[in-house]
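These exercises treat packed helices, a hairpin and charged pairs. Try each task with the structure in view, then read its solution.

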Amino acid sequence: MKIKRYTFEFLSIFIAVISAFALNNWNDHRKDREAESKILSEINNGLSKDMEDVRINMYGHRIGIYANRYFQRLINGQPVSRDSLATYYFNLCRDYVSIQNTSGYETLKSKGLEIIKRDSLRADIIALYEYDYNVLRKLEEEHYEMQFHQSSFKEINQFLAPHLQFDSLNKISGIVLPLELDESDQALLQSHFWRITSNRKFILEVYRGVEVKIEKLRGAITQELKRQS
């Protein structure tokens, strides 16, 4: 009888310990999944804002290309719209910065990257934030070739500024044409316009690649959140 009683007590304690352990594991798993969902939602919201910034910068670089074409036509003596002069002059060498919302990713790193259970999803998140976003930031803010105002504006402006006209409010109102440029000066200006256009086209390609990756990642995160709900 004592053996049966001891066996029963042992089994009762064993079952209680195992149950408590299982409950604790289940609770930890639930907390991890809740944390994962919260972080993924935060990343997804940040990606939405990142996409807005990407598209704004892409639009700005396209306008910069149009501005280059405008002044190429102008120095070649081809007809241009005088009303667009100030807008294109402003955008000719305008630079941009790449703004990324990294709070969700920083939270993920602080919690531990392994909290994202799907390997492919985790890898895509890391690649976007650690590689693609860094490439954009370096191109827009550090690479000299892409710093158009610093590398080109002064030389371009020394030929344009003497011909600009201003109204009573000191706003650009027109330009005196034709520009008095010899072949050497014209070639110098055209080389600047070519270089700026080529670099803007290059960074537009980079932006398009990042745009596709953001859309793909947002879709994957949305699917994962639906699966977890």
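A crossing is left-handed if the near helix is turned anticlockwise from the far one by less than a right angle, and right-handed if clockwise. Helices (H or I, at least four residues) and strands (E, at least two) are DSSP runs, numbered from the N terminus. The model is predicted, so local features need pLDDT of at least 70 and side-chain atom pairs count only at pLDDT 80 or more, while totals for chains, interfaces and linings use all residues. Residues are numbered from 1 along each chain as its sequence is written, and side-chain values use heavy atoms, with hydrogens and water left out.

**Exercise 1.** Describe how helix 5 and helix 6 pack, giving angle, handedness and contact.

Step 1. Two packed helices are described by the angle between their axes and the distance between the axes. Axes are lines fitted to C-alpha atoms, for helices over the stretch in contact, and angles run from 0 to 180 degrees between N-to-C directions.

Step 2. The axes of helix 5 (residues 148-160) and helix 6 cross at roughly 150 degrees and come within 10 Å. Angles under 35 degrees count as roughly parallel, over 145 as roughly antiparallel, 65 to 115 as roughly perpendicular and the rest as oblique. Helix 5 and helix 6 are therefore roughly antiparallel.

Step 3. Their crossing is left-handed. Residues in the contact (heavy atoms within 4.5 Å) include Phe148, Ile156 and Phe159 of helix 5 and Leu188, Phe193 and Arg200 of helix 6.

Step 4. Ala, Val, Leu, Ile, Met, Phe, Trp, Tyr, Cys and Pro count as nonpolar, Asp, Glu, Lys and Arg as charged, and the others, Gly among them, as polar. The contact of helix 5 with helix 6 has seven nonpolar, four polar and four charged residues.

**Exercise 2.** How do helix 3 and helix 4 pack, and which charged pair joins them?

Step 1. Helix 3 (residues 103-111) and helix 4 (residues 119-141) have axes 11 Å apart, at an angle of about 120 degrees. They are therefore oblique to each other, and the crossing is left-handed.

Step 2. Tyr105, Leu108 and Lys109 in helix 3 meet Ile125, Ile126, Tyr129 and Glu130 in helix 4. By class, there are five nonpolar, no polar and two charged residues.

Step 3. A salt bridge is a side-chain nitrogen of Lys or Arg within 4 Å of a carboxyl oxygen of Asp or Glu. Glu130 and Lys109 form one at 3.7 Å, N to O. Glu130 in helix 4 and Lys109 in helix 3 are 21 residues apart. The count by this rule is twelve salt bridges.

**Exercise 3.** Describe the hairpin and the cis peptide bond.

Step 1. Strands pair if DSSP finds at least two bridges between them. Three bridges join strand 1 (residues 164-166) to strand 2 (residues 172-175), and the strands run antiparallel. Gln165 has Gly174 in strand 2 as its bridge partner.

Step 2. Five residues lie between the strands of this hairpin, and Asn170 in the turn has a positive phi of about 65 degrees.

Step 3. The peptide bond from Leu177 to Pro178 is cis, with omega near 0 degrees. Pro178 is found in the loop between strand 2 and helix 6 (183-228).
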